[in-house]
Structure formats: structure tokens, C-alpha cells
Amino acid sequence: MCLVSVTGLLNAQAQTPIVIKFSHVVAADTPKGKAALRFKELAEKASNGRVRIDIYPDSQLYKDKEELEALQLGAVQMLAPSVAKFGAFGIREFDVFELPYIFPSRDVLNKVTQGPIGRDLLKKLEPKGITGLAFWDNGFKIMSANKPLHHPADFKGLKMRIQASRVLDAQMRALGAIPQALPFSEVYQALKSGFVDGTENPASNFKTQNMDEVQSDLTVSNHGYLGYAVIVNKKFWDGLPNDIRTELEAAVRDATTYANEIAQRENERDLADIRKRGKTTIYQLSAQEQLEWRRAMLPVQQQMASSIGKELIEEINKQASQAAE
Ligand code: LMR
């Protein structure tokens, strides 16, 4: 081979970017979708074209459970599954996020996800061949159905879609409902066909999946939380050139700040948009009703304590009471 073509080959190799496939299940116009795009922008800029981030939103590549398997196999390099998805994946401590009423506020939540408890939780992913990079916020959940949901008794006999989580299963049973685990991409159709009667999610997911077309009533209950762990295939991540990994870590940090800044605002805006669209009646619980909901669901904390880890729950409760002082 002549010298010119060898140089050409080397140049071509130098220009071939490292491609990171980032798959997720929600719409691009959600807190997670926007944070993923921000990460792409920051990472590609910082690496000066040496890294390309290809984002696949809306379950285009994989549904919930499949995406975790794909990450382990290296078919994709990056995901941000909701924290609810890790319990069934064998990391029981993550179930703590699903406990009803465990986080009294976003402040307490942020102390947990952005502090030592969060770091320890992310470390637990390593034996699965996964490196945990960050937690991204979404928000507190609303409940919906095709009837008003004012009291726990209103849930009796309703088939409620949940993410595949033992805690969410217990939560729905505590309300007298029948839980049905389904991938996120199937929820709209399941509601439309009547396969399930209702569901729970933050307003951003409810709106972007047009669930208001197929649910007549929603209750702003804030009974539980939904957020994300940003994760990568460990082997891929460890094999990156050091300078690139450092740039990507910085991009994740900045995208995390952005994600956690916009999440609450976006969910408030999306709830207001649902109200404006006028298809679903939005109900705010009275103080007395909030108490009834808490009483019905709080026993789930006790019920799940031994499998999640009593110390972890106590640690979070401690953060909550410190914040209340
Ligand atoms: C769900 O399945 O309801 C959510 O986890 C979807 C998501 O990623 O926000």
C-alpha cells in the first residue's frame, strides 16, 4: 500500500467516532428525553466529534425489560430506565424508590439521589456489568382511571397498570386494585382497549403518551416517585480512552443538573396542558382524603422493609425528619 493511502486510512480511523447508542422508552419531549438530548449535545461538543450519541426514544429499539438485557449484551451502550425497573432485575435496594410516601419532598429525594445513598445504590449495579452514572429526576405520580378516584375505596377491583415492581404490585393491592405489569410502550393501547382500567405516572408521561384520550379522570395524589438511573455497559465504559471518559462524565454531570432543574417545571406545565386540553377531569385531594390515601398505602413500607433493607429505609426516613426540623 502506498504511503498516501496508509495516511488516508489512518485519518479515516481517527475520524471514525465512538458511537454510543442511548435507548429509552419515553417521548423526546419529557424530562428524560430532553436530558438525553442535552447529554448528546454536551458530549459531542466536548469530544470535538470523537464521540457520537445516537438517541432512540419511544421504545424504538427496545421495551423496558429488553433494554436492560440489550445493555448487558452491549447491543446498546447507554440507558436511563426508571428506578422501578431494577428491583425485578435483582437489585432489591432500588425498590426503596417505589415505596409510597417515602419522599416527603423533592429536597429529601435530591439528598438521597445526589448524595452517598445514591452513590452506594449505583455501585450495586456493577456485578451486573453495569456502571451507574447518575440519577435523573422525573416527578411524583398521579393516578388515573375512567372514574373519579377520590378515596382508596374507589380503586376496588380496578385493573391498574404498573411497572414490573413488587412494591408497586403491593401498593395497588393495598388499595384493593388488581395490578397488571406492562411495558410502558403498551400502556396507551391497554387503556384504550380496556385491558386495564387505570394507571399511574407523572404528568409528563401521561401527557406525551396522550393518556388523557383514554382516561376520563386523574387525581394529583403525589403518592410515589418516578425517576431514572443513567447507566452504561461497564465493559464499554471502562474500555474508553481516559480523556473521553472524563469528558463524558462531565457531560453527564451537566445533563444531570439540567434534568433535575427542568423536571418539576415540565411536569407542572404538562399538568396545566392536560387541563387545557380538557379531556380529563383533574382532581386535587383534600387534606382528609390525602390522609386516607396515606393510611391505605403506608403499610407497604413495613411489608417490603425486610427485602429492601430496613437500614436503607431508616436512613431515608432520617433524611426526611432532618429536613422537617
Ligand atoms: C413507566 O414504565 O411507566 C416509566 O418507567 C416510563 C419511563 O421511563 O418514564
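Two residues are in contact when heavy atoms of one lie within 4.5 Å of the other's. Keep that in mind while reading this predicted model.

Start with the sheet. It is open and has 5 strands, in the order β2-β1-β3-β10-β4, with mixed pairing. The edge strands are β2 (51-56) and β4 (130-140), and each of them pairs on one side only. Strand β3 (residues 78-79) and strand β10 (residues 225-233) run antiparallel and are joined by 2 bridges. Methionine 78 has valine 232 of β10 as its bridge partner.

Helices pack on this sheet. Helix α3 (residues 64-73) touches β1, β3, β4 and β10, and its direction makes about 20 degrees with that of β10. Helix α2 (residues 31-46) lies across β1 (18-23), β2, β3, β4 and β10. It runs at about 165 degrees to β2.

Now return to methionine 78. Beyond its neighbours within four places in sequence, its contacts include Phe22, Phe39, Leu133, Val232 and Val252. Met78 also belongs to the largest nonpolar core, which has 45 residues. Met78, Phe22, Phe39, Ile53, Trp136, Leu218 and Leu248 touch the most other members. Helix α10 (residues 242-277) gives this core its largest share, 10 residues. Another core, of 38 residues, lies apart from it, with Leu68, Val76, Ile91 and Ala320 among them.

Finally, look at helix α12 (residues 299-308). Its buried residues are Val300, Gln301, Met304, Ala305 and Ile308. They lie on the same side of α12 because they cover an arc of only 145 degrees around the axis. Gln302 and Ser306, on the other side, are exposed. The buried residues pack against α6 (166-174), α11 (287-297) and α13 (310-324). After α12 comes glycine 309, with a positive phi near 120 degrees.

Definitions and conventions. Residues numbered from 1 in each chain as written. Predicted model: local features only at pLDDT ≥ 70, side-chain atom pairs only at ≥ 80, totals over all residues. Heavy atoms only, no water. Buried < 20%, exposed > 50% of the residue type's maximum accessible area, 1.4 Å probe, protein only. Helix = DSSP H or I, 4+ residues; strand = E, 2+ residues; numbered from the N terminus. Arc of directions from axis to C-beta. Core = buried A, V, L, I, M, F, W, Y, C linked by side-chain atoms within 4.5 Å. Pairing = 2+ DSSP bridges. Axes fitted to C-alpha atoms, helices over the stretch in contact; angles between N-to-C directions.
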